[in-house]
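User: I would like to go through this model term by term. For each label, set the value against its definition and then conclude.

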Amino acid sequence: MTCHCRDDRFRSFRAPQEDRTVLVEPSWSEGPALAARNRQILRDNHYDCGGRTLGQLSEQARRDLLHAAIGWTCTYRDVPQYLSDGQHLSDGHSCLEADRLVFLAGHQPQLVHPGVWLKNFALGRLAQSCGGVAINLVIDSDTVKSTLVRVPSGSAAEPTVQSVAMDRHSEALPYEERRVADRECFVEFGRRVAEAMRELIPHPLVNDYWPLVVQRLDQTDKLGVCLAQGRHRLEADWGLNTLEVPQSAVCSSEAFCWFAAHLLAELPRFRQVHNEALGQYRRAHRIRTGAYPVPDLAGEDDFLEAPLWIWTADDPRRRPLFCRRQQDGLLLADRKGWAVSLPLRADGNVGPAAERLHELARQGVRIRSRALLTTLWARLALGELFIHGIGGAKYDQVSDLIIERFFGLPAPGIMVVSATILLPVDRPAVTPTDLRQVAQQLRQMQYHPEKYIHCAQAPVSSRDQQQGDGVLPPVVTAQSSAVELVAAKRWWISLPQTRENARQRCRAIRQINELLQPHICQQRKQLLATQATLLEKLQVCSVLGWREYAFCLYPAEVLQEFYQGLLPNSL
């Protein structure tokens, strides 16, 4: 399911193509050992983050993470009881005292497809098998790009796709800030989805899931919070024991503020390593666009772009954060009018700058990690094993280089988990290959119609091939029989091509091909009818066979059976 690129550092991950197939790399059984190796890497590091080692920051960050995750989760569902020692988690310290491994995953709080949702179940099962703690990061710094959801509708024979609105369209804001704009539209979303697909899936999971989402609407008007907490409550009903916490809480912690202050103080070096790693990745994958997998960090005037987003409570539009060194510290700015200074001590200690960042967080200034930095911090400081989907696994190969070159550490390994499961609706047994074969036959009919005419054909004599012997080219007309036309074409094909006869020979063969078309018109009609049928069936397959429908459009029992069959009972 994976293949090597020319640069052995990088791998090309590809989503499983067949229904009910999975990609897990490394294997389930290797997960605990990988987590243990990562723990050793992190324990052995003494990288100086401007006055504190990365190990010291990690200790604090893990305590803060566990405390925040427990505090967040207990507001809407029971905090899971880990059966390894029967101890109920009441605070972060009890987890650390038990020396538990921490397993992490993360995604935006959107309606993901079942292959992405599988990560949450893999996270819980791996942590359970190791007596560890499973924490899913709700990446609420990403923007809400659309509130329209693709929903299959119609019948199995004539399916269509509807775009069902979850909420009224509004400005693209981060999930952290995006409020439900149309309560009635949001509340009725589940009913409208179920109604649209009732002929295809009579009992979709949205019937159970959406009431849980709406219940959270009574406690918060944040769209992403409702979606994430409703899903997490559903996972609890399915026996999944995990914690969750928004990425915004992680970025507001004291440990992350210290880490961010260090990166800002070292931004020229970090930016160089970051952009060089991206360049190496693009060259290995022969990528020409500068925006993939993430853009380079820019430089504008004396400002350097940081791997951070910035917005404020008053202006919640997300924009890049820039930094410029000044005599007594750092100047942070969004290049749109907002700016603030951070103090830096002469000895390189970033403590005062970290305190200023933490104070800004309390004042409503949102400084949030971008994609690469989000998982880089998670892998270096928050836990022993991060579970990625395919997209994250691709861009985090860049993080591997940054970890090695900037921090001087071996990159902790990750696990990649993804799957494909299609809607449980019968689909025609056709593929694009079938259509290509018909297209090839139609092309053959145009340029080699004689292959489709069954008639006795006399061989061309060696004397007939000699135009110099005075043998004239065969004369053909619209009244010529198929046998005569085929024989004439064979004569021209058998005639050796020269510079003098090339044009005449080409025109003659083309004329004969055209004259032969009426003799195969019935076969062409049948083939065109086959082509039209295949196109209709492929259209049906494109609707019913799309792998990225939201998890809540599937029947609950189908997903439960699929996940149960994939995940190991023990490791």
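**Helix α13**

User: What makes α13 largely enclosed?

Analyst: Buried means under 20% relative accessible area, exposed means over 50%, and partly exposed lies in between (1.4 Å probe, protein chains only). In α13, 11 of the 12 residues are buried, so the rest of the structure largely encloses the helix. Among them are Trp377 and Arg379.

User: What kind of model is this, and what do the values rest on?

Analyst: It is a predicted model: local features need pLDDT of at least 70, side-chain atom pairs count only at pLDDT 80 or more, and totals for chains, interfaces and linings use all residues. Residues are numbered from 1 along each chain as its sequence is written, and side-chain values use heavy atoms, with hydrogens and water left out.

User: How confident is the prediction, and where is confidence lowest?

Analyst: pLDDT is the predictor's confidence in each residue, from 0 to 100. The chain averages 90, and 92% of the residues score at least 70. Strand β1 (residues 2–4) has the lowest mean, 36, while helix α6 (residues 189–196) has the highest, 98. Residues 83–92 fall below 50, yet this stretch has 22 contacts beyond near neighbours in sequence. A contact means heavy atoms within 4.5 Å. Where pLDDT is low, the predicted coordinates should not be read in detail.

User: What makes β3 and β8 edge strands?

Analyst: Two strands pair if DSSP finds at least two bridges between them. The open sheet has six strands in the order β3-β16-β15-β4-β5-β8, with mixed pairing. β3 (21–25) and β8 (243–246) each have a single partner strand, so one side of each lacks a neighbour in the sheet.

User: Why are β4 and β15 called paired?

Analyst: The cut-off is at least two bridges. Strands β4 (residues 102–107) and β15 (residues 385–388) have three, in the parallel sense, so they count as paired. Leucine 104 has phenylalanine 386 as its bridge partner, and phenylalanine 103 has leucine 385. β15 also pairs with β16, again parallel and over three bridges. There, histidine 388 stands opposite valine 416.

User: Which way do the side chains of β15 point?

Analyst: Leu385 and Ile387 point one way, Phe386 and His388 the other, and all are buried. In a regular strand the side chains alternate between the two faces of the sheet.

User: What makes β6 and β7 a hairpin?

Analyst: Strands β6 (residues 148–154) and β7 (residues 159–165) run antiparallel and are joined by seven bridges. Four residues lie between them. Serine 153 stands opposite threonine 160.

**Serine 248**

User: Why is serine 248 called buried?

Analyst: Its relative accessible area is 10%, and the cut-off is under 20%, so serine 248 is buried. Serine 248 is found in helix α9 (residues 247–251). Not counting residues up to four places away in sequence, serine 248 touches Asp140, Glu176 and Arg368.

Terms used
Helices (H or I, at least four residues) and strands (E, at least two) are DSSP runs, numbered from the N terminus.
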